[in-house]
Amino acid sequence: MGGWAARKALRVIEHVEQVLAIELLAACQGIEFLRPLKTTTPLEKVYDLVRSVVRPWMKDRFMAPDIEVTHRLLVDQEACVDIRHLYNRIDPLGRTVPFSL
């Protein structure tokens, strides 16, 4: 029974990764609609990273390849590597420490 639960949990994680990829694409398209306005530096870097592999939608097209390449960016953590140095976090003692995964 535990084996089946583990396999099901893995499938759920894979689906969540796909949903996050779709959400990231939707966010980038939303930023595209608001151009020439700019967002924060970290978000612009993620936007640029996504746009380096997926062009904006100007007309309908098959989205599966775009979703897959964005999913690969998330799984490979390339989106995090680009912005990791821009964020710090506060430890329990109130000290600023660098961001890490």
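I began with a salt bridge (a side-chain nitrogen of Lys or Arg within 4 Å of a carboxyl oxygen of Asp or Glu) and found that the side chains of Asp66 and Arg61 form one, at 2.8 Å from N to O. The structure is a predicted model, in which local features need pLDDT of at least 70, side-chain atom pairs count only at pLDDT 80 or more, and totals for chains, interfaces and linings use all residues. Residues are numbered from 1 along each chain as its sequence is written, and side-chain values use heavy atoms, with hydrogens and water left out.

**Entry 1: salt bridges**

I looked up the exposure of both partners (buried is under 20% relative accessible area, exposed over 50%, partly exposed in between, with a 1.4 Å probe and protein chains only). Asp66 is buried at 10% relative accessibility, whereas Arg61 is partly exposed at 22%. My search of the whole structure returned four salt bridges. Another of them joins the side chains of Arg35 and Glu44, at 2.9 Å from N to O. Here Glu44 is buried, with a relative accessible area of 11%, and Arg35 is partly exposed at 25%. I also noted Arg72 with Asp76, whose closest N and O atoms are 3.3 Å apart. Arg72 is partly exposed at 38%, and Asp76 is partly exposed at 40%.

**Entry 2: Arg35 and a ring**

I found Arg35 over the face of Tyr47, at 4.6 Å from the ring centre. The criterion for a charge over a ring is NZ of Lys or CZ of Arg within 6 Å of the ring centre and within 35 degrees of the ring normal.

**Entry 3: elements and core**

I recorded four helices and two strands, in the order α-α-α-α-β-β from the N terminus. Helices (H or I, at least four residues) and strands (E, at least two) are DSSP runs, numbered from the N terminus. Of the 101 residues, 23% count as buried.

Leu24 is in helix α1 and counts as buried at 17% relative accessibility. I noted that Leu24 and Val46, 22 residues apart in sequence, are 9.2 Å apart in space, C-alpha to C-alpha.
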